[in-house]
Amino acid sequence: MKRNLFWLAIALLAAAVYFGLLVTIGDQYLHADLSLGLPVVARTLVAFLGGLAAIVILLIADDFSNLSRPKALGIAGVVFLLIGSYFGLFVAPPEQFMGETQRIMYVHVPTAWFALVAMTLAFAAAVVFLFGGDHDWDARMEASIEVGVVLAFLLCCQGAIWAKPTWGVWWDWDPRLTTTAVLLFAFLGILALRKFVDDPHRRAMWSAVATIIAYVDVPIVYFSVKWWNSLHQQQSNPNTVSKPFWIPLRANAFGILLLMTAFIMLRARISALRLKHELAPPPPLDDAELGEAI
Amino acid sequence: MDTKPTASAQSRRKTRLFMIGAFLVAATAFVVISAGGINKNLVYYWTPTDLHAAGDKAYGATIRLGGMVAPKSVRGRTGTSGLEFDVKDATGIVHVKSSGVPPQMFRENIGVVVEGTMTRSGYFQCNRLMVSHNNEYRAPKSGHKMSKDELQKLMRTTEGLKD
């Protein structure tokens, strides 16, 4: 179902990968100008918006009937991660001051981006559910929260591993770190809340409300490094990152994007099946059980 | 699909009311945090200027001081305790004595956050030294992969901690 939308998303992803990654690879290693005359700002916009639009379309178009699509997306994600890891570990030079330690950036930064994207998808799904009452969006919300929580947990672990050799400490109550921990535990709490509510409609409604409120922390995480003095550095941008570092960063970003989308699609399918099972009438007792009951 | 609960018009109106309520709570929380007093009351570290401005409040309590390591102010050997240096910002400077081992990244002109107490003798006694990195990531100047020896040499020359 909804084949055209699926292929539209794939076309957007292809454009994003072309302008976000292949142009940079051509520029850095093939001495070829693949930019098709597009200025760097336009290329970045295509990569950024194309990638995000593709995720949204894939989730809207997914009616949980097709298993091969999320599988294919997940495999593509692993391929991108392998490419990114190869460039990140063996091709890109070490950073001038941090040396080899800086390579953690190639997983840490994409993980951060998509942890926040997953929470944003959960927020959007919560709004759509509350507006229309369609439980498919409750399934997508639960899936996005769960994937977002896993990414946020990985984010904190990677951050600690990077912080020890760079800052000298595993953890500190810096605004960025604290708000990220709050994000992790708030959404973990929503997953726990869902386990305590038996009525599917109430469960969906309450966890959607909680998701909208917990989502307040996402912009706070983003702005924490601008609003407060912090140990964590501010956001980098292409001007503050040398070009040889762009390729592993972007390849891994596409890898995590695809993996995240695949996992959300698969996890939403599980949620939808569970709900179907919950609402199905109990199976009739067979004769043996009836005999025992009597 | 047929077993999905179908929301009646009444329950749909109810969920929409919940949505509006959730948005109100979320928006209020966001405005309070971003524009309200929390911004000023929640301070991760003081700059040297803040510390001087605080006067008597700076003494005795455990505080964090953040700024840049002033050039040519580092005394004491790398990797040992008994390190001394100055932390400065645009307008202030504070002398720091540290008892811990500094992180590898520690050098002149790098951001630091030190935790400890301001003493009456006019220096900051630090018992936790953290180095902060800025948002710049640069390849070594040649643009090619460096050998280990080259990298170590570069690290040594940029640390500013020669004996």
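**Entry 1: the interface**

I began with the contact between the two chains: 52 residues come from chain B and 57 residues from chain A. Contact here means heavy atoms within 4.5 Å. The model is predicted, so I kept to its thresholds: local features need pLDDT of at least 70, side-chain atom pairs count only at pLDDT 80 or more, and totals for chains, interfaces and linings use all residues. Residues are numbered from 1 along each chain as its sequence is written, chains are lettered from A and ligands numbered from 1 in the order in which they are written, and side-chain values use heavy atoms, with hydrogens and water left out.

I looked up the buried area next, which is the accessible area (1.4 Å probe) that two parts lose on being put together, summed over both. Chain B and chain A bury about 5100 Å², with 64% of it on carbon and sulfur atoms. On the chain B side, Tyr44(B), Tyr137(B) and Arg138(B) lose the most area to chain A, together 15% of what that side buries.

I then checked polar contacts, pairs of N or O atoms within 3.5 Å; within protein, one must be able to donate a hydrogen and the other to accept it, and residues adjacent in sequence count only if both atoms are side-chain atoms. I find 17 residue pairs in polar contact across the interface, both residues at pLDDT 80 or more. Elements giving two or more residues to the chain B side are α1 (9-35), α2 (38-41), β4 (111-118), β5 (123-132) and α4 (148-159) of chain B. Helices (H or I, at least four residues) and strands (E, at least two) are DSSP runs, numbered from the N terminus. α1(B) gives the most, with 15 residues. That side divides into 28 nonpolar, twelve polar and twelve charged residues. For these classes, Ala, Val, Leu, Ile, Met, Phe, Trp, Tyr, Cys and Pro count as nonpolar, Asp, Glu, Lys and Arg as charged, and the others, Gly among them, as polar.

**Entry 2: Arg64(B)**

Which residues meet in a salt bridge with a 3.5 Å N to O distance? They are Asp172(A) and Arg64(B), through their side chains. A salt bridge is a side-chain nitrogen of Lys or Arg within 4 Å of a carboxyl oxygen of Asp or Glu.

Arg64(B) sits in strand β1 (residues 63-69) of chain B. Its side chain reaches the backbone oxygen of Tyr44(B) at 2.9 Å. Arg64(B) and Tyr44(B) are 20 residues apart in sequence, yet 7.1 Å apart in space, C-alpha to C-alpha. I also noted a polar contact of 3.0 Å between the side chains of Arg64(B) and Glu115(B).

**Entry 3: salt bridges within a chain**

In chain A, Glu142(A) forms a salt bridge with Arg267(A), with the closest N and O atoms 3.6 Å apart. Glu142(A) lies in α5 (residues 135-166) and Arg267(A) in α9 (residues 246-279), so the pair ties together parts that are 125 residues apart in sequence. Both Glu142(A) and Arg267(A) are buried. Buried means under 20% relative accessible area, exposed over 50%, partly exposed in between (1.4 Å probe, protein chains only).

In chain B, Asp56(B) forms a salt bridge with Arg120(B), again with closest N and O atoms 3.6 Å apart. Asp56(B) is in the loop between α3 (48-54) and β1, Arg120(B) in the loop between β4 and β5, 64 residues apart. Asp56(B) and Arg120(B) are exposed.

**Entry 4: two buried residues**

Is Ser224(A) buried or exposed? Ser224(A) counts as buried because its relative accessibility is 0%. Ser224(A) lies in α8 (residues 217-227) of chain A. Beyond four places in sequence, Ser224(A) touches Pro175(A), Arg176(A) and Thr179(A). The buried residues of α8(A) pack against α4 (105-132), α6 (175-196) and α7 (200-214) of chain A, together with α1 of chain B.

Asn135(B) is in the loop between β5 and α4 of chain B. At 18% relative accessibility, Asn135(B) counts as buried. Leaving aside neighbours within four places, I found Asn135(B) in contact with Gln233(A), Gln234(A), Gln235(A), Ser236(A) and Thr240(A).

**Entry 5: chain B and confidence**

Chain B has four helices and five strands, in the pattern α-α-α-β-β-β-β-β-α. Of its 163 residues, 38% count as buried.

The mean for chain B is 77, and 75% of its residues reach 70 or more. Over residues 157-163 of chain B the pLDDT is below 50. Where pLDDT is low, the predicted coordinates should not be read in detail. The model scores ipTM 0.77 and pTM 0.86.

Conventions: pLDDT is the predictor's confidence in each residue, from 0 to 100.
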